[in-house]
Amino acid sequence: MRRAELILTACGALLSVFVTTLAAPVVSARPDCGTQVATVPVTLTVDGEAATGLVYEPYRCEPGDLPPRDLVVSVHGHDSSAASNAEYQISIARRTETPILAMDLRSATGTWRTGEWNLWAGWRDVVEATRWYRGEHPEIAKTVLWGGSQGGIVSGLAAAYAPDGLFDYWVDNYGPADDFTSWLAGAQADPALPTQIERDAGGCTPLECPLAYAERSPALLADRIHVRRTFLVHGTGDAVVPYVTSLEMRAALAAAGRPVSMYTIVSGTDLQGAVVPGDHSIGPAYFEGGCVVERLLDDSEPLDGPDKDYFVDVARGVRTAPPAPPNAKCAA
């Protein structure tokens, strides 16, 4: 064999070994690549406007290879967006392998701006987005509706006005129960709120158009809320949306004969393990709401029987809530 042929043969053999060495880790890693989460932008047309949002969509190895079994619909609070608390929501999507759909309520450029008090546009966006996603994935078995703060009242309206069967469970994290009280106390949380609330109601105060405010008050619509069970999670130290608002919502649901579980959070632990009050923050009350969502997804949340009341006060060593899901962060 000539010298040139020997060199080419040797180079070919070395290239073959090199390519095989590079390819081997990719092939061997595929079965063990774990659950990842893609952040997928969403734009729908609702009421003739662009309604934007995100889907936190879990997958293994490659996007799109993990068909959803269930769905979480997350509704953000005032001065927030679909991207708020993304890291926490992504962690839930990854652990449960469940997509989380979050809308902006409505968009950054439309008539109804993301972050403002857009109750009516908000619930319509939530309902239409849920119908769209479930239509794309008819295999979804249950849908958990979860709202925090302003997202609590918006999700309550979505539960009240949605077609029967669209939502299976409603988790309300320290949300206002009625629009009247929100207007009266709004300036204490944000001086811009009363004006935004009036705009959402049609440009009027509760004295001028009480019906518009009633139509935006889940506590007055409890008989229309046909989810299987509602879960109210509220901290007693909440200075923004007082704890009594969830008592109002609980009483309305009980009067309407709707099953309800209530979680009262006096104190819990933060992400660093420090004991802190149950307040209106990304803290113990919010974390317990996330654990309710996870327990609903893994079928460990108690659902049968009469209305239930749970109590968490880590400072005094009291926790009657169900056990935490694996690797989840709850109030305690």
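**Helix α8 and its setting in the chain**

Of the 332 residues in the protein chain, 52% count as buried, a word that stands for under 20% relative accessible area, with exposed meaning over 50% and partly exposed in between (1.4 Å probe, protein chains only). The model is predicted, so local features need pLDDT of at least 70 and side-chain atom pairs count only at pLDDT 80 or more, while totals for chains, interfaces and linings use all residues. Residues are numbered from 1 along each chain as its sequence is written, and side-chain values use heavy atoms, with hydrogens and water left out.

Q: What makes a stretch count among the helices or strands of the protein chain?
A: Helices are DSSP runs of H or I with at least four residues, and strands are runs of E with at least two, numbered from the N terminus; the protein chain has nine helices and eleven strands.

Q: How do you know that the span of helix α8 agrees with its number of residues?
A: The expected span is 1.5 Å times one less than the number of residues, which for the twelve residues of α8 (residues 244-255) gives 16 Å, and because its end C-alpha atoms are 16 Å apart, the two agree.

Q: Why are the buried residues of α8 said to lie on the same side?
A: The buried residues are T245, S246, M249, R250, A252 and L253. They cover an arc of only 165° around the axis, which puts them on the same side of α8, the arc being that of the directions from the helix axis to the C-beta atoms.

Q: Which strands do the buried residues of α8 pack against?
A: They pack against β6 (169-173), β7 (229-235), β8 (260-269) and β10 (308-313), where contact means heavy atoms within 4.5 Å.
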